[in-house]
Amino acid sequence: MNINKLKFPLVVKPSDRSAGRGVVKVNNTEELKIAYKNAKSLSNNGIVLVEEVLDGKQFSVETISENGIHIIVAITEEFFRQGKYEDDFLEVGHLIPARLNNKEKSKIQKETLKILDAFEIKFGACHIELKLDINGVKIIEIASRMGGWRNTLIRDAYGYNINEMLLNVSLNKKMKFKEQKNKFNAIVNFIFTKDDFEHYKWTRKKYPEFISDDFVNAKDDTKFFYASDLLCSNGFYYLKIPPKTDMKQFLPKGYK
């Protein structure tokens, strides 16, 4: 392939990693060469993916399949770092359920079922990432696993025990699932910066009843550095926000 004929910008990432490791947007051939080398060094199988940049808001879908019958358990709205390092696609927070109108939700559900059937998924969990804009749904990737942090978010939002559901499928037990309205808006926020940490402290002081769990390593004297992926965070915390509460103040900085 002649890289000089590629149309930029592009996304470069390892084919077999998670948590955003090695994922970056490149704008020219020099950036592509650097990103390719880094992604290859992170990949276990040595395969690097180069993809087009998709427009729209990003969401992910958690599903469970049993004998080829698919259940859409939850749709997550994903938030990414903004500003100077936004081209690194670092996830800074997740929200379940995603803020979608009925038409948008239906589009995502239909495309999700299509992709599961196309890959002939019969059993177990799948995590599908996608973009949604005025032109419809575009699939980014599909993984035969549950998304990170989703078990707690799903439990907090709906009361579902997705681990138990997966275990029942593995044991060939009949899976019982009844879709219901969320009891809470469930958020996980990651701590990468001093501002993130201050936001966590403010939340814990003013709304301690909203924090369902936290795993925070940062302290007042912590020095914060550039983080390239989720594994570089200084912790994270889960929030259960009552439906009638304005949750905008609890979302990652820059989001409403």
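**Exercise 1. Helix α3**

Is helix α3 (residues 150-158) largely enclosed by the rest of the structure or largely open, and why?

*Solution.* The model is predicted: local features need pLDDT of at least 70, side-chain atom pairs count only at pLDDT 80 or more, and totals for chains, interfaces and linings use all residues. Residues are numbered from 1 along each chain as its sequence is written, and side-chain values use heavy atoms, with hydrogens and water left out.

Step 1. Helices (H or I, at least four residues) and strands (E, at least two) are DSSP runs, numbered from the N terminus. A residue is buried under 20% relative accessible area, exposed over 50%, and partly exposed in between, with a 1.4 Å probe and protein chains only.

Step 2. List the buried residues of α3: Arg150, Thr152, Leu153, Ile154, Asp156, Ala157 and Tyr158.

Step 3. Conclude. Seven of the nine residues of α3 are buried, so the helix is largely enclosed by the rest of the structure.

Step 4. Glycine 159 follows α3, and its phi is positive, near 85°.

**Exercise 2. Domains 1 and 2**

State how the protein is divided, and describe the interface between domain 1 and domain 2.

*Solution.* Step 1. The protein is divided into domain 1 (8-50), domain 2 (55-169) and domain 3 (183-239); these bounds come from an automatic or database domain assignment.

Step 1. Taken over C-alpha atoms, the centres of domain 1 and domain 2 are separated by 23 Å.

Step 2. With contact meaning heavy atoms within 4.5 Å, seven residues of domain 1 are in contact with six residues of domain 2.

Step 3. Buried area is the accessible area (1.4 Å probe) that two parts lose on being put together, summed over both. Domain 1 and domain 2 bury about 550 Å² between them, and 51% of this is on carbon and sulfur atoms. On the domain 1 side, Lys13, Val23 and Lys25 lose the most area to domain 2, together 58% of what that side buries.

**Exercise 3. The largest pocket**

Determine where the largest pocket lies and which residues line it.

*Solution.* Step 1. On a 1 Å grid over the protein atoms alone, a cavity is a set of points where a 1.4 Å probe fits but cannot get out, whereas a pocket is an open set with protein on both sides within 12 Å along at least five of seven lines; lining residues have an atom within 4 Å of a point. Grid points are joined across faces, edges and corners, and a volume is the space filled by probe spheres set on the points.

Step 1. The volume of the largest pocket is about 750 Å³. Its lining consists of 35 residues, and Lys13, Val23, Glu129, Ile140 and Glu141 lie nearest its centre.

Step 2. Two or more lining residues come from each of β1 (10-14), β3 (48-52), β6 (91-96), β7 (124-133) and β8 (136-143). The most are given by β8, with four residues.

Step 3. Ala, Val, Leu, Ile, Met, Phe, Trp, Tyr, Cys and Pro count as nonpolar, Asp, Glu, Lys and Arg as charged, and the others, Gly among them, as polar. By class, the lining has 15 nonpolar, eight polar and 12 charged residues.

Step 4. Both domain 1 and domain 2 give residues to the lining, so the largest pocket lies between them.

**Exercise 4. The cavity**

Describe the largest cavity and its lining.

*Solution.* Step 1. The structure holds one cavity of 30 Å³ or more, and the largest cavity has a volume of about 50 Å³.

Step 1. Val92, Asn189, Phe190, Asp196, His199, Tyr237, Pro252 and Lys253 line the largest cavity. The elements giving two or more of these residues are β9 (185-190) and α5 (194-206).

Step 2. The lining divides into four nonpolar, two polar and two charged residues.

**Exercise 5. Individual residues**

*Solution.* Step 1. Leaving aside neighbours within four places in sequence, aspartate 133 is in contact with Asp55, Gly56 and Lys138.
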